[in-house]
Amino acid sequence: MIEYKTRYDVKKTMYEKFADSAAQNSDKPCFYYYNNTITWAQAEEMVDLCAAALVANGVRKGDRVIICAPNIPQCITAIYAVNKIGAIASMLHPLSVKSEAEYAVNLVGAKFAFCFDVSEKSFQGMKNLTLVRCKTAGYFPKSAYGFIANQLYKKKIKGKTAPATQVHKNIEWSQFLKEGKDFLKNGGKVEINSNPLDIAAIMMTGGTTGNPKGVMLCNEAINNLSYQLLDVVENVLHMQVDPSTDTMLTALPVFHGFGFALCMHVSVCTGMPQSLFPQFDAKMCSSAIKRYSINYIFGVPDFFEKVHKAGYLKNIDMSNMKLIGSGGDVVPYSLTEKMDRLLKENGAKCHFVSGYGLTECVTVCSFTDPSREAPQGCIGIPCYNIEAMTVKPGTTDEVKGEDGELCIYGPTLMNGYYNDPDETAKVLVKHPDGKVWLHTGDMCYIDQKTTDIYYRQRLKRVYKISGYLVYPSFIEEAYRAMAEIYDCCVIGTGDEGNTKLKLFVVKNKKYEQDDEEALTKKIIDFGIQNLSKWSVPKQIEYIDELPRTKIGKVDFKVLK
């Protein structure tokens with residue numbers, strides 16, 4: 001049992017937090033979705049009917065339910081309905097192909113799943129599976145805008161959909177809710193689970209080292225993560241969270257812990273409305289920020305790069321902004337500088353923050369201080385109730401004043417990997433202090449005076465050249481200072497002991513037609529002047545854009 005103290009009400013299930021907010025905000029907005037407003041009362045009815053339909057279809061406490069849908073109202077309400085009955089929401093990327101869906105279903109032993117238009121075909125042939133189809137356009141407003149949005153969406157998904165036949169049962173969302181209504185009308189009962197230590201969600205890791213693993217997260221851990229945001233706002237910025245005026249942008253996908261806990265569940269815990277986006281669109285998100293005066297905005301670095309580049313947020317009032325920041329991947333310092341300038345120009349009283357986290361601790365475990373400019377390379381200080389230390393890699397020996405593997409302890413830690421005790425034991429390790437710490441696999445440095453944490457590199461992405469440790473992220477950050485470079489990525493090539501660095505470069509638009517031979521020389525000269533000799537890349541390759549994973553991280557495997 002992890003010991004901690006909290007000033008927040010975390011010892012409840014996710015559904016109980018939802019029910020509390022619904023009771024307090026009945027007729028107020030819960031979701032904004034394509035210019036449609038869904039109230040808390042309407043959302044609560046959807047949750048209750050969905051929970052009843054789940055029970056009517058044989059889902060019981062502890063059962064794993066796959067949720068393979070983007071940020072649409074049905075996805076959010078299904079999560080809380082599943083939680084209400086004590087089942088487990090097993091989150092799956094909505095664009096998963098058939099092999100990925102089969103792997104996830106088999107891993108957790110699911111017999112029930114929610115899908116959307118495009119993901120339905122991925123469940124084809126799963127004979128023991130009950131499938132609920134959720135249409136992206138199902139809650140578009142019944143207006144001219146909604147009609148046009150629906151026509152555009154149909155055009156967008158044309159040729160990408162197919163029915164899932166040969167499943168146990170395939171039912172459309174509205175019909176599924178009707179089953180729940182009939183179940184209750186006929187005297188059916190829904191027992192509400194109230195154990196905060198029960199597993200609430202299983203999040204799939206990215207699978208960068210072998211097959212993806214299922215991270216088990218309990219209700220209390222998820223609540224603790226969500227309340228970390230309140231701690232930053234209330235006790236660092238000395239502002240108040242006000243659900244009557246505050247609004248969250250939920251564009252980060254909720255199949256990932258970042259969007260799940262820091263966007264979706266924060267809104268639920270506080271009772272503030274959230275603006276849902278099934279797919280990131282710079283123009284639409286920016287329009288929503290203006291329309292709803294959204295003042296909590298989180299995204300991966302690529303999200304903010306696109307929004308800033310498009311210029312949609314220029315000259316708008318941001319005086320009500322409370323927290324805006326990025327994580328999920330290394331945040332370039334150049335992005336922090338650009339966003340800080342934008343915030344200042346628009347009257348914001350906070351700085352752009354960056355954070356660090358892992359799915360194994362729900363996500364965020366450190367934030368940079370939003371009341372001051374973050375030092376370059378800093379990923380923040382430990383969040384509320386989180387402890388951090390660095391150890392010599394492969395050991396439990398603490399190191400201070402030097403680089404080491406970052407270890408995390410706190411109430412947001414996972415219960416383990418689903419059905420994988422061996423892999424769990426590798427990352428949840430008991431230390432001499434008697435505590436079980438999460439070994440992150442990331443090399444970091446902790447400033448002993450400020451407790452600022454500085455990210456160096458994934459342990460598996462640190463290269464040893466001539467006996468010296470070389471950090472690609474440090475090299476990339478240096479090269480982004482060149483006017484000619486929009487973005488870049490360093491990988492190691494060759495066998496161990498004979499590693500050579502290769503730099504992939506995305507040129508800034510202004511320099512796209514420049515002579516590449518001359519630019520290559522300039523890049524190498526820049527490296528010689530600004531980096532150690534072991535950090536200067538031996539090869540330069542120019543590409544149109546960096547490949548990215550489904551959640552927006554740079555995909556190193558593709559480059560290799």
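## Helix α10 and what it packs against

The buried residues of helix α10 make contact (heavy atoms within 4.5 Å) with β10 (248-250), α9 (282-291), β12 (296-299), β13 (323-326), α11 (333-345) and β25. Helices here are DSSP runs of H or I with at least four residues, strands are E runs of at least two, and both are numbered from the N terminus. Helix α10 itself covers residues 301-310, and its buried set is P301, D302, F303, F304, E305 and V307. Buried means under 20% relative accessible area, exposed means over 50%, and partly exposed is what falls in between, with a 1.4 Å probe and protein chains only. Just after α10, G311 takes a positive phi of about 75 degrees.

This is a predicted model, where local features need pLDDT of at least 70 and side-chain atom pairs count only at pLDDT 80 or more, while totals for chains, interfaces and linings use all residues. Residues are numbered from 1 along each chain as its sequence is written, and side-chain values use heavy atoms, with hydrogens and water left out.

S326 has S354 in β14 as its bridge partner. Strand β14 (residues 353-357) has 4 of its 5 residues buried, so the rest of the structure largely encloses it.

## The β25-β26-β27 sheet

Strand β25 turns up again in an open sheet of 3 strands, ordered β25-β26-β27 with mixed pairing. The edges belong to β25 (485-493) and β27 (539-542); each has a single partner strand, so one side of each has no neighbour in the sheet. From one strand to the next, the twist averages 25 degrees. Axes are lines fitted to C-alpha atoms (for helices, over the stretch in contact), and angles run from 0 to 180 degrees between N-to-C directions. Helix α13 (residues 472-479) packs on the sheet, touching β25 and β26, and its direction makes about 155 degrees with that of β25.

Strand β26 (residues 500-507) and β27 pair in the parallel sense over 4 bridges. Within this part of the model, L503 stands opposite I540 in β27. The loop between β25 and β26 holds T499, which counts as buried at 16% relative accessibility. Leaving aside neighbours within four places in sequence, T499 is in contact with Y463, K464, I465, G492 and T493.

Most residues other than glycine have a negative phi. Y34 has a positive one of about 50 degrees although it is not a glycine, and N35 has one of about 65 degrees, again without being a glycine. Y34 lies in the loop between β1 (29-33) and β2 (36-39), and N35 is found in the loop between β1 and β2 as well. At 32% relative accessibility, N35 counts as partly exposed.

## The second largest cavity

The structure holds 2 cavities of 30 Å³ or more. A cavity is a set of points on a 1 Å grid over the protein atoms alone where a 1.4 Å probe fits but cannot get out, and lining residues have an atom within 4 Å of a point.

The lining residues divide into 5 nonpolar, 2 polar and 3 charged.

Technical notes:
Pairing = 2+ DSSP bridges. 1 Å grid on protein atoms, 1.4 Å probe; cavity = no way out; pocket = protein on both sides within 12 Å on 5 of 7 lines; lining within 4 Å. Points joined across faces, edges and corners; volume = space filled by probe spheres on them. Nonpolar A, V, L, I, M, F, W, Y, C, P; charged D, E, K, R; others polar.
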